[in-house]
Amino acid sequence: MAGMAQLMITDMIMSFIWVWSGIFIKLITHVVLGLSIHDHASEFVRSVLTILNMFLFTHLVKLTNGGAYNPIVVFTSAINGSFTTFLFNIARIPFQVAGSIVAVRLIIQTFPEIWRGPSLVINLHQGALTEGLLTFSQVLITLGLDRSINGSFYMKTWISSILKFSLHILGSDLTGGCMNPAAVVGWAYAFGVHKRKEHIIVYWFAPIEATLLASWTFRLLTRRSKPEKKKKQKIN
């Protein structure tokens, strides 16, 4: 029980740091280095810092023995584990949300003029489809890498970071390309839009449905590949 409570607190802290890390990347790029928002150099610097940030958090997940800052990660583990695992992982999500809300509150108080979080610039159905497809791809990538690459932490992290960042770029001008409901709800709660159907459907319902679909698809693909491997072994 103590280990579960410790992991929940770790999730809250990691979610807090994750939200702040995005702000630090923008501060370094535009304030410290003085690069303009639409400059190619700023895009390059921001991309490099984002990928390094993903490396850092992947290492933190390893150091904390499974700490997480994204509800999609724990939800994937929940639906692929036992019923006890499911309940425990679902119980971790409110702590991630709390960490994000506290982080955004402090950001608004400290840097009131700074970026206001992701925004939906397309209609509801297009936004839900976009976030759903991005999350579906992210979950498939994560499950595939966990299965195919064993023991090579840096190789797995490098491939995962590049692919996830590419997905973020694809959706950044449409929905923000978040694929992280906890990070989005922090900004939504701060501005009182967390109860709107656009927020709930696009940033919560669609990613959760996509996670379920991706997990079922991965199970189906891996089940089909096992008999084929057995047939090849018998022939050899």
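**Exercise 1.** Determine how helix α3 (residues 71-79) and helix α4 (residues 83-110) are oriented where their axes come within 8 Å.

*Solution.* The axes, lines fitted to C-alpha atoms over the stretch in contact, cross at roughly 170°. Angles run from 0 to 180 degrees between N-to-C directions, and those over 145 count as roughly antiparallel; therefore α3 is roughly antiparallel to α4. Helices here are DSSP runs (H or I, at least four residues), numbered from the N terminus.

The model is predicted: local features need pLDDT of at least 70, side-chain atom pairs count only at pLDDT 80 or more, and totals for chains, interfaces and linings use all residues. Residues are numbered from 1 along each chain as its sequence is written, and side-chain values use heavy atoms, with hydrogens and water left out.

**Exercise 2.** Identify which residues of α3 and α4 meet.

*Solution.* Contact means heavy atoms within 4.5 Å. From α3, Pro71, Val74, Phe75, Ser77, Ala78 and Ile79 take part; their partners in α4 are Thr85, Phe86, Asn89, Ile90, Arg92, Ile93 and Gln96. By class, this contact has eight nonpolar, four polar and one charged residues.

**Exercise 3.** Compare the UniProt "transmembrane region" record with the model over residues 44-61 and 67-88.

*Solution.* The unreviewed entry lists five stretches, residues 12-37, 44-61, 67-88, 165-189 and 201-222; such annotations may be inferred rather than shown by experiment. Residues 44-61 are 100% helix and 0% strand, with end C-alpha atoms 26 Å apart. Residues 67-88 are 68% helix and 0% strand, and there the end C-alpha atoms are 13 Å apart.

Methods: Helix = DSSP H or I, 4+ residues; strand = E, 2+ residues; numbered from the N terminus. Parallel < 35°, antiparallel > 145°, perpendicular 65-115°, else oblique. Nonpolar A, V, L, I, M, F, W, Y, C, P; charged D, E, K, R; others polar.
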